[in-house]
Amino acid sequence: MSTVAVVIKTEEKSGVLHGIADKLYERNYNIIYTHLFLEDNFGKIYMEITGVDDMSDLLRYISNIPNVVEVHAHKTLYETFGKRVIVVGDGEIMAKTLQGGIMEAELHNAHGETISVDGMIIGGGVEIQEAIHSLDKLPRINALVLSGSMMGGLITDEIIKLKENNNDLKIVSIDMLGDLDSVVDLVVNDPVQAGAMAVKLISDIDSYDDVLLDNKFLKN
(Lines give C-alpha, C1' and ligand atoms only; values in the text may rest on other atoms or scores of the structure.)
Protein backbone atom coordinates (compact mmCIF):
# COMPACT_ATOMS: atom_id res chain seq x y z
CA MET A 1 0.00 0.00 0.00
CA SER A 2 1.17 3.52 -0.73
CA THR A 3 0.27 7.18 -0.61
CA VAL A 4 -1.43 8.40 -3.76
CA ALA A 5 -2.96 11.68 -4.89
CA VAL A 6 -6.14 12.41 -6.83
CA VAL A 7 -7.86 15.51 -8.17
CA ILE A 8 -11.65 15.29 -7.97
CA LYS A 9 -13.95 17.57 -9.93
CA THR A 10 -17.34 17.89 -8.24
CA GLU A 11 -20.63 19.66 -8.41
CA GLU A 12 -20.50 22.82 -6.31
CA LYS A 13 -22.87 22.27 -3.42
CA SER A 14 -22.82 21.96 0.35
CA GLY A 15 -21.71 18.65 1.85
CA VAL A 16 -19.80 17.25 -1.14
CA LEU A 17 -16.47 16.98 0.65
CA HIS A 18 -18.14 15.36 3.66
CA GLY A 19 -19.83 12.80 1.40
CA ILE A 20 -16.58 11.87 -0.34
CA ALA A 21 -14.74 11.55 2.97
CA ASP A 22 -17.45 9.24 4.32
CA LYS A 23 -17.27 6.98 1.28
CA LEU A 24 -13.47 6.74 1.48
CA TYR A 25 -13.76 5.89 5.18
CA GLU A 26 -16.09 3.02 4.31
CA ARG A 27 -13.28 1.47 2.24
CA ASN A 28 -10.67 2.08 4.98
CA TYR A 29 -8.86 4.69 2.92
CA ASN A 30 -7.16 7.37 5.02
CA ILE A 31 -7.10 11.01 3.84
CA ILE A 32 -3.86 12.63 5.02
CA TYR A 33 -4.07 15.92 3.11
CA THR A 34 -6.75 17.80 1.20
CA HIS A 35 -7.13 21.14 -0.52
CA LEU A 36 -10.45 22.43 -1.82
CA PHE A 37 -10.99 25.27 -4.30
CA LEU A 38 -13.44 26.45 -6.96
CA GLU A 39 -12.82 26.55 -10.70
CA ASP A 40 -15.37 27.45 -13.40
CA ASN A 41 -18.28 26.91 -10.98
CA PHE A 42 -17.12 23.38 -10.12
CA GLY A 43 -15.46 22.16 -6.96
CA LYS A 44 -11.90 20.89 -7.22
CA ILE A 45 -10.55 18.70 -4.45
CA TYR A 46 -6.92 17.64 -4.26
CA MET A 47 -6.47 14.68 -1.89
CA GLU A 48 -3.57 12.57 -0.71
CA ILE A 49 -4.75 9.16 0.46
CA THR A 50 -3.03 6.23 2.18
CA GLY A 51 -4.12 2.61 2.35
CA VAL A 52 -4.36 2.28 -1.43
CA ASP A 53 -3.16 -0.94 -3.08
CA ASP A 54 -5.03 -0.55 -6.39
CA MET A 55 -5.12 2.90 -7.96
CA SER A 56 -7.52 1.89 -10.72
CA ASP A 57 -9.99 0.53 -8.18
CA LEU A 58 -9.77 3.75 -6.15
CA LEU A 59 -10.50 5.89 -9.23
CA ARG A 60 -13.50 3.76 -10.17
CA TYR A 61 -14.81 3.92 -6.62
CA ILE A 62 -14.50 7.71 -6.36
CA SER A 63 -16.08 8.26 -9.80
CA ASN A 64 -19.25 6.54 -8.55
CA ILE A 65 -19.62 8.74 -5.48
CA PRO A 66 -22.61 11.15 -5.76
CA ASN A 67 -21.78 14.67 -7.02
CA VAL A 68 -18.40 13.59 -8.44
CA VAL A 69 -18.02 14.76 -12.05
CA GLU A 70 -14.60 13.24 -12.76
CA VAL A 71 -11.46 12.10 -10.99
CA HIS A 72 -7.85 11.79 -12.10
CA ALA A 73 -4.68 10.39 -10.58
CA HIS A 74 -2.05 12.99 -9.73
CA LYS A 75 1.47 13.12 -8.37
CA THR A 76 1.68 13.88 -4.66
CA LEU A 77 2.93 17.32 -3.66
CA TYR A 78 6.07 15.68 -2.30
CA GLU A 79 6.73 13.98 -5.64
CA THR A 80 6.19 17.30 -7.45
CA PHE A 81 7.86 19.81 -5.14
CA GLY A 82 9.87 17.56 -2.82
CA LYS A 83 11.46 18.89 0.32
CA ARG A 84 10.67 22.50 1.06
CA VAL A 85 12.82 25.42 2.22
CA ILE A 86 11.11 28.62 3.38
CA VAL A 87 13.12 31.87 3.48
CA VAL A 88 11.64 34.62 5.65
CA GLY A 89 13.01 38.16 5.86
CA ASP A 90 13.07 41.55 4.24
CA GLY A 91 15.06 43.66 1.84
CA GLU A 92 18.17 42.93 -0.17
CA ILE A 93 19.59 40.54 2.41
CA MET A 94 16.57 38.26 2.14
CA ALA A 95 16.71 38.40 -1.68
CA LYS A 96 20.34 37.22 -1.64
CA THR A 97 19.46 34.39 0.76
CA LEU A 98 16.64 33.28 -1.51
CA GLN A 99 18.99 33.39 -4.48
CA GLY A 100 21.50 31.18 -2.68
CA GLY A 101 18.84 28.62 -1.82
CA ILE A 102 17.47 28.48 -5.36
CA MET A 103 20.92 28.13 -6.92
CA GLU A 104 21.83 25.31 -4.54
CA ALA A 105 18.49 23.55 -5.06
CA GLU A 106 19.05 23.65 -8.81
CA LEU A 107 22.32 21.74 -8.37
CA HIS A 108 20.71 19.11 -6.16
CA ASN A 109 17.69 18.68 -8.40
CA ALA A 110 19.98 18.15 -11.37
CA HIS A 111 21.32 15.10 -9.47
CA GLY A 112 17.93 13.55 -8.89
CA GLU A 113 16.68 15.25 -5.74
CA THR A 114 13.54 17.36 -5.53
CA ILE A 115 13.90 20.44 -3.34
CA SER A 116 11.85 23.62 -3.68
CA VAL A 117 12.63 27.04 -2.20
CA ASP A 118 9.95 29.59 -1.33
CA GLY A 119 10.45 33.18 -0.18
CA MET A 120 8.31 35.31 2.11
CA ILE A 121 9.34 38.97 1.89
CA ILE A 122 8.05 40.52 5.10
CA GLY A 123 8.90 43.83 6.73
CA GLY A 124 8.57 44.35 10.48
CA GLY A 125 9.18 42.19 13.52
CA VAL A 126 5.50 41.63 14.34
CA GLU A 127 4.75 40.57 10.78
CA ILE A 128 7.68 38.14 10.77
CA GLN A 129 6.54 36.73 14.11
CA GLU A 130 3.04 36.17 12.71
CA ALA A 131 4.44 34.49 9.60
CA ILE A 132 6.55 32.10 11.67
CA HIS A 133 3.54 31.38 13.88
CA SER A 134 1.64 30.28 10.76
CA LEU A 135 4.35 28.02 9.36
CA ASP A 136 3.14 24.90 11.17
CA LYS A 137 0.00 25.12 9.02
CA LEU A 138 2.03 24.58 5.85
CA PRO A 139 2.94 21.06 4.68
CA ARG A 140 6.38 19.65 3.81
CA ILE A 141 8.58 22.32 5.42
CA ASN A 142 12.01 20.83 6.04
CA ALA A 143 14.06 23.98 6.58
CA LEU A 144 13.48 27.61 7.54
CA VAL A 145 15.95 30.42 6.84
CA LEU A 146 15.67 33.72 8.71
CA SER A 147 17.29 36.59 6.88
CA GLY A 148 17.28 40.25 7.87
CA SER A 149 19.22 42.82 9.87
CA MET A 150 17.79 42.18 13.35
CA MET A 151 15.56 39.46 14.84
CA GLY A 152 14.89 38.39 18.39
CA GLY A 153 12.43 38.67 21.25
CA LEU A 154 8.99 37.50 20.12
CA ILE A 155 10.48 36.03 16.95
CA THR A 156 12.83 33.93 19.07
CA ASP A 157 9.88 32.75 21.16
CA GLU A 158 8.04 31.67 18.01
CA ILE A 159 11.10 29.74 16.79
CA ILE A 160 11.23 27.84 20.10
CA LYS A 161 7.54 26.89 19.74
CA LEU A 162 8.06 25.90 16.11
CA LYS A 163 10.96 23.60 17.02
CA GLU A 164 8.91 22.00 19.78
CA ASN A 165 6.22 21.11 17.25
CA ASN A 166 8.68 19.90 14.61
CA ASN A 167 11.95 18.52 15.95
CA ASP A 168 13.16 17.57 12.46
CA LEU A 169 12.90 21.11 11.12
CA LYS A 170 16.29 22.65 10.34
CA ILE A 171 16.47 26.38 11.10
CA VAL A 172 19.22 28.56 9.66
CA SER A 173 19.79 32.22 10.44
CA ILE A 174 22.16 34.75 9.01
CA ASP A 175 24.37 36.45 11.60
CA MET A 176 22.38 39.50 12.72
CA LEU A 177 21.50 41.56 15.78
CA GLY A 178 19.22 39.96 18.37
CA ASP A 179 19.11 36.74 20.37
CA LEU A 180 17.92 34.50 17.53
CA ASP A 181 21.24 32.70 17.23
CA SER A 182 20.62 31.06 20.62
CA VAL A 183 17.74 28.93 19.31
CA VAL A 184 18.55 28.14 15.65
CA ASP A 185 20.55 25.19 14.32
CA LEU A 186 23.06 27.07 12.22
CA VAL A 187 24.21 30.69 11.96
CA VAL A 188 25.84 31.83 8.70
CA ASN A 189 27.20 35.33 8.14
CA ASP A 190 26.85 35.35 4.35
CA PRO A 191 23.24 35.62 3.06
CA VAL A 192 23.82 33.65 -0.15
CA GLN A 193 25.62 30.90 1.74
CA ALA A 194 22.82 30.77 4.33
CA GLY A 195 20.30 29.87 1.64
CA ALA A 196 22.64 27.30 0.16
CA MET A 197 23.37 25.71 3.54
CA ALA A 198 19.67 25.24 4.29
CA VAL A 199 19.35 23.16 1.12
CA LYS A 200 22.47 21.17 1.98
CA LEU A 201 21.17 20.40 5.48
CA ILE A 202 18.03 18.68 4.18
CA SER A 203 19.68 17.02 1.20
CA ASP A 204 19.88 13.26 0.88
CA ILE A 205 23.18 13.67 -0.98
CA ASP A 206 25.12 15.80 1.51
CA SER A 207 25.99 14.02 4.75
CA TYR A 208 27.98 16.47 6.86
CA ASP A 209 25.12 18.25 8.64
CA ASP A 210 26.02 16.87 12.11
CA VAL A 211 29.51 18.33 11.87
CA LEU A 212 28.11 21.70 10.87
CA LEU A 213 25.47 21.75 13.59
CA ASP A 214 28.02 20.84 16.26
CA ASN A 215 29.95 23.95 15.26
CA LYS A 216 26.73 25.98 14.73
CA PHE A 217 28.44 29.18 13.61
CA LEU A 218 29.65 29.16 10.02
CA LYS A 219 31.90 32.10 9.19
CA ASN A 220 33.58 33.02 5.92
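## A pair along one helix

E92 and K96 sit four residues apart in helix α4 (residues 91-109), so about one helical turn separates them. Helices here are DSSP runs of H or I with at least four residues, strands are runs of E with at least two, and both are numbered from the N terminus. The two side chains form a salt bridge, with the closest N and O atoms 3.5 Å apart; that term asks for a side-chain nitrogen of Lys or Arg within 4 Å of a carboxyl oxygen of Asp or Glu. E92 is exposed at 57% relative accessible area, while K96 is partly exposed at 36%. The cut-offs are under 20% relative accessible area for buried, over 50% for exposed and partly exposed in between, using a 1.4 Å probe and protein chains only.

A word on ground rules: this is a predicted model, in which local features need pLDDT of at least 70 and side-chain atom pairs count only at pLDDT 80 or more, while totals for chains, interfaces and linings use all residues. Residues are numbered from 1 along each chain as its sequence is written, and side-chain values use heavy atoms, with hydrogens and water left out.

## The other salt bridges

How many salt bridges are there by this rule? The count is ten. Side chains of opposite charge can pair when their charged atoms come close. D118 does this with R84, the closest N and O atoms being 2.8 Å apart. D118 belongs to strand β6 (residues 115-121) and R84 to strand β5 (residues 83-89), so the pair ties together parts that are 34 residues apart in sequence. R84 is buried at 14% relative accessibility, whereas D118 is partly exposed at 27%.

K13 pairs with E11, and here the closest N and O atoms are 3.3 Å apart. Both are partly exposed: K13 at 43% and E11 at 36%. There is also a network of salt bridges linking R27, D57 and R60.

## A four-stranded sheet

Now for the strands. Four of them make an open sheet, in the order β2-β3-β1-β4, with antiparallel pairing; strands count as paired if DSSP finds at least two bridges between them. β2 (30-39) and β4 (68-74) are the edge strands, each with a single partner, so one side of each has no neighbour in the sheet. From one strand to the next, the twist averages 20°.

Strand β1 (residues 2-11) pairs with strand β3 (residues 42-52) over nine antiparallel bridges, and A5 stands opposite E48 in β3. β1 is joined to β4 by six bridges, again antiparallel, and V7 has H72 of β4 as its bridge partner. Lying across β1, β2, β3 and β4 is helix α1 (residues 16-26), which runs at about 20° to β3. Axes are lines fitted to C-alpha atoms, for helices over the stretch in contact (heavy atoms within 4.5 Å), and angles go from 0 to 180 degrees between N-to-C directions.

Beyond its neighbours within four places in sequence, L146 touches a list of residues including V88, I132, M151, I159 and V184.

## One face of α5

Which residues of helix α5 (residues 125-134) are buried? They are I128, Q129, A131 and I132. Seen down the axis of α5, they fall within an arc of 160°, so they line one face of the helix; the arc is taken from the directions from the helix axis to the C-beta atoms. These buried residues pack against β5, β6, β7 (141-147) and α6 (154-165).

## The whole chain

Zooming out, the chain has eight helices and ten strands. Its C-alpha trace spans about 60 × 35 × 30 Å along the principal axes. Of the 220 residues, 42% are buried. Among contacts between residues at least 6 apart in sequence, 73% join residues at least 24 apart.
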